[in-house]
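I opened my notebook for a friendly walk through this one. Here is what I looked up, entry by entry.

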Amino acid sequence: MELNKKITPFQFFTLLFLSRVFAMVTYIAGINKELSTTDEVIASAFTGLFLFLSAVPVVLFLKRDNESGIIKRASCLSESFSKIICVFYLIEALYFGTITAVRFGIFTGSVMFPDTNMGFFIFIMLAASSYIALKGIESAGRSSVIILIPVLFALIFVFTTQSDDFDLLNFTHPFTDKLTDIISSGFYSASRTGELAFIILLTPYVKKLKGRHIYLWISAVTILILITEIVLAGVLGRFGGTQLFSMYSLSVLAEAGFIERLDAIITCIWLLCAALKIAVIIFVSEMLFSSLFGKQKRLLFTAISCAVIFFGSIPLINNISGFISLIRSPVHPILFITGVCVIPSVTMLYERIKRRKKE
Amino acid sequence: MKKVILAVILTSLIFLTSCIPQNTEIRYRLVIEGIGIDYDTENDLYELTVQVLETGNSDPEQGKSSSPVTNYTVKGKTIAEAISSLCENTGKYPLYSQNRMIILGSTVTGERMIKALNFFVREYTSRPDVFIAAAEGKASDILTTEVGSEVPAKLIESEIELCHDNSLSVNTELYNTVNLTLESTSCFTLPLLEITEDRIPDGKTIKITGTRACSKRTDPLNLSAEETQAYLFIMNEVKTGSLSTDINSTTVGFDIIESKTKTTLSIENETPFFLIEVNCKVDVIEFGADSFDSFSQNDLKQTETAAAEQIAKRMAGVLDRVLKKEKCDIFRFRTRIAQKYPEFNDKINSDDLLSSIDYKVRVTVDAGRIGQMTMR
C-alpha cells in the first residue's frame with residue numbers, strides 16, 4: 001500500500017458506485033416493512049434525501065483537509081481517540097463485510113446454484129476479493145472503471161427492454177402507507193450505503209477529493225435507486241415483493257428481439273460488483289488494523305479480515321430469519337449515523353477546541 | 001516462475017470436470033418443457049402431467065419418428081410432493097428454467113389454483129415469465145396431444161404468442177397472474193386451450209378458443225374469441241389482427257394496423273365513470289362486393305363507421321356481461337378507482353361498486369389503405 005499511488009475521484013466514486021449497485025441488486029424483499037408500490041418509490045426519494053443530509057458532515061470534514069483521512073487527523077488530536085475511532089470503523093467495516101458476504105451467499109445459493117453450499121461461494125469470493133485488496137486501491141479503482149461499462153450496459157438493458165411490460169396500473173395511490181413507515185423505509189435504505197463512511201477513511205488514497213464529487217456520487221446512486229424502484233413497481237408490481245431478489249426477477253424478464261435469457265450474463269456482471277465491494281471492505285479493514293497495531297502486515301491483516309467476515313457470515317447464511325432480524329435491528333442505522341455523522345462531527349469539534357486552546 | 005506454476009494449477013482444474021456431481025449433467029436432469037395441473041377431486045390430490053424433453057437415448061438410425069418429449073403423470077397433496085415423487089420414479093432432478101407452460105385444468109380453480117401456482121413463485125429456478133393457460137377439460141389431455149415431431153408445450157407457447165400478436169388471445173405470464181391476485185380487486189385472464197379435430201387430417205390439434213377469467217374468490221368465466229378481442233381493445237393490448245364487418249350485405253375485411261385505447265376515469269354523481277376511447281387504424285384488405293368496381297369515398301366512410309360501431313358494440317357487450325352481470329373485474333377498473341380516488345377504498349371490494357360503475361365506449365376507425373383499388 002503506497003500512499004503516493006492515488007486514484008482519481010472518478011475511479012474512487014466508480015468503485016463506491018459499483019459497491020452500492022451490488023447492495024441494490026441483492027436487496028431482499030421483506031427486509032423493510034412492505035410498502036405499496038408508489039410508496040416504495042417515494043421511500044427511494046427519501047433515501048436520496050437522507051444520503052444528501054448525512055453527507056453534510058463528511059463534506060465539511062473534507063473541506064478543511066482533503067489529504068489526510070480521519071484516522072490521521074484523529075491521531076493528531078489524541079492517540080487514544082484515534083484508536084477508538086479505528087476500532088469503531090473496523091467493527092463497521094467487518095459488519096458491512098459480513099452482511100455483504102451473506103447477501104452474496106444467499107444470492108448465489110438460491111437463484112444461481114440452488115441447494116449448494118453457500119459457504120463455499122463466500123470462501124471463493126473472499127479469496128478473489130482479498131487478491132484485489134492486496135493489489136491495492138489503484139488496481140481496484142482502475143478495474144472499477146472497466147467494470148462500470150458492462151454494469152451500466154446491463155442496467156440499461158434491464159431497464160429499457162421492459163417498456164412493453166411497464167404498466168402504470170401497478171402504481172398505487174401515493175401515501176397509501178403511513179408517512180412514518182415511508183420515511184423509516186427510506187432511512188433504512190440510506191443506512192445500507194456504508195460506502196459514505198469509507199470516503200473519510202480512504203481520503204489519503206484519492207487525489208483532490210471535493211464535496212461536489214460526493215454529491216455527484218449520491219445523485220447517481222439516488223437516480224439509480226429511483227429508476228430501479230420505478231421499473232420494479234411498473235413491471236413486476238406486487239409480484240416483486242414475493243421474490244427474494246426482485247431485481248434478479250426483473251433481469252430474468254429482460255429481452256430484446258432475439259436477445260433473451262441474458263440473466264446469467266447479467267448476474268455474472270453483478271458478481272463483479274460484489275467482488276469489488278468486498279475488496280474495498282477488506283482493504284479498509286486491513287488499513288484500520290495497520291493503524292491500530294502500527295504495523296504494516298498486509299497479508300496477515302487481510303487474512304484476519306477475511307476470517308472474521310467468513311466465520312461471521314456462516315451462522316447467518318444458515319439462518320435467514322436471524323439475518324433479517326439483524327438487518328431490521330437498529331445496528332445498521334446506528335453504525336451508519338455514527339460512522340458518517342457523529343464521528344466526523346466530533347472530530348471536527350475536537351479539532352476546533354484544540355485550535356482555540358492553542359490560540 | 002510462481003506465476004507459471006499458478007497458471008498450470010489453474011489450467012489443470014479443467015481436468016477435474018468429471019469430479020462434478022452427476023446431478024448437474026444434462027442427462028441426469030428432467031428438462032421440463034411444460035406442466036399440466038389437474039385436480040383429482042375424489043382423492044383430493046393434485047395430478048401433474050410433466051412434459052420432459054428427451055435428453056438422451058434417441059437413436060436416429062432406427063428411423064423411428066419418436067416424440068422429442070416424454071410425459072410423466074404424478075400425484076401429490078401438493079405440487080412439491082408430486083414433483084418429488086417424479087424425482088423418485090425417474091432418479092433425476094427437475095430443471096424448471098426451460099419450462100414454457102403451466103396449463104391449469106378446469107378442476108384447478110379459485111384457491112386451488114393459487115395454491116398450485118405458489119410452488120412456481122417460490123421455486124428458485126422457475127422463471128417468472130412462464131406462460132399460464134387454462135384448459136377446457138383436463139390439462140393432461142392438452143399437454144399429451146400428439147403433434148408430430150414438435151414439443152407440444154413449445155407449440156402451445158408459439159400459438160399463444162402468435163394469437164396475442166393477432167389480438168385473438170390474452171398473454172398471461174406467471175408474474176402477471178400473481179400480481180393481479182395480490183391486488184385482490186382484480187380478476188386475471190388466461191388463454192383458454194381446447195383440443196379440436198378440424199385442422200389437420202389425421203389427428204388433433206390444440207386451439208385457443210377464448211379466454212378464461214379467474215380469481216381467488218369467484219367461479220371461472222369463459223370469454224369467446226370475439227369477447228377476447230373486445231377485451232383486448234379495452235385493455236389497450238391490440239397490436240395487429242383482423243376484423244370483418246357487414247355493410248349493406250357486403251362483407252368487408254380489415255387488417256388492424258394500430259390501435260390505441262385511452263381510458264379516462266372521472267366521478268359523476270358520486271359514481272365512477274369510465275370513458276373508453278379507441279382509435280384504430282385499419283387497412284381494407286377485402287371488399288366483398290359482387291363487382292370489381294372502384295371504391296367510393298362514401299363506401300370508405302360507411303366502412304369506417306360500421307367497423308367502429310362493431311368494435312364499440314362488442315366492447316360494450318363484454319363490459320355488460322363480465323363486469324355488470326358476472327361481477328368480474330378483469331378490466332382493473334377497481335384498481336384505477338383505488339389509484340385515483342382513495343376515498344372509495346372502503347368499498348373497493350364490494351360488488352355494489354362494480355354495479356354502480358358507469359362507462360361509455362367511443363371508437364373511431366381510420367382506414368389507411370384500400371388495397372389495389374382506385375378511389376372514385
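**Entry: the sheet.** I began with an open sheet of four strands in chain B, ordered S10-S11-S12-S13 with mixed pairing; two strands pair if DSSP finds at least two bridges between them. Strand S10 (241-247) and strand S13 (358-369) of chain B each have a single partner strand, so they stand at the edges with one side left without a neighbour in the sheet. Neighbouring strands of this sheet are turned by 40 degrees against each other on average, direction ignored. Angles here run from 0 to 180 degrees between N-to-C directions, with axes fitted to C-alpha atoms, for helices over the stretch in contact. The helices (H or I, at least four residues) and strands (E, at least two) are DSSP runs numbered from the N terminus.

Next I looked at one pair. Strand S11 (residues 250-268) and strand S12 (residues 271-287) of chain B run antiparallel and are joined by 16 bridges. On these strands, B:Ile267 stands opposite B:Pro272 in S12(B). Helix H7 (residues 225-234) of chain B packs on the sheet and touches S10, S11 and S12 of chain B. The direction of H7 makes about 50 degrees with that of S11(B). By contact I mean two residues whose C-beta atoms, placed from the backbone, lie within 7 Å.

**Entry: ground rules.** This is a predicted model, in which local features need pLDDT of at least 70 and side-chain atom pairs count only at pLDDT 80 or more, while totals for chains, interfaces and linings use all residues. Residues are numbered from 1 along each chain as its sequence is written, and chains are lettered from A and ligands numbered from 1 in the order in which they are written.

**Entry: confidence.** I checked pLDDT, the predictor's confidence in each residue, from 0 to 100. Chain A averages 89, and 98% of its residues score at least 70. Chain B averages 85, and 90% of its residues score at least 70. Within chain A, confidence is lowest in helix H14 (residues 320-328), at a mean of 85, and highest in helix H9 (residues 211-236), at 94. For the complex, the predictor gives an ipTM of 0.84 and a pTM of 0.88.

Entry: I found ten helices and 13 strands in chain B. Of its 376 residues, 37% are buried, where buried means 20 or more other C-beta atoms within 10 Å of the residue's own, exposed 12 or fewer, and partly exposed in between, with C-beta atoms placed from the backbone. Chain B is divided into domain 1 (26-56 + 65-223) and domain 2 (225-376); such bounds come from an automatic or database domain assignment. The centres of the two domains, taken over C-alpha atoms, are separated by 31 Å. Here 20 residues of domain 1 are in contact with 23 residues of domain 2. Strand S8 (205-214) and strand S9 (221-223) of chain B are the elements giving two or more residues to the domain 1 side, and S8(B) gives the most, with four residues.

**Entry: the core.** Which residues touch the most other members of the largest nonpolar core? I noted A:Leu276 and B:Ile103, in a core of 202 residues. A nonpolar core is a set of buried Ala, Val, Leu, Ile, Met, Phe, Trp, Tyr and Cys residues joined through C-beta atoms within 7 Å. Helix H12 (residues 263-293) of chain A gives the most to this core, with 18 residues. Domain 1 and domain 2 of chain B both give residues to this core, so it lies between them. Beyond its neighbours within four places in sequence, A:Leu276 is in contact with residues including A:Leu15, A:Ile132 and A:Ile147.

**Entry: helix H11 of chain A.** Is this helix enclosed or open? Seven of the eight residues of H11 (residues 246-253) of chain A are buried, so the helix is largely enclosed by the rest of the structure. Among the buried ones are A:Met247, A:Tyr248 and A:Leu250. The buried residues pack against several helices of chain A, including H1 (9-25), H4 (79-112) and H12.

**Entry: where the chains meet.** The contact takes 17 residues from chain B and 16 residues from chain A. Helix H6 (174-183) and helix H9 (333-340) of chain B each supply at least two residues of the chain B side. H6(B) has the largest share of that side, five residues.
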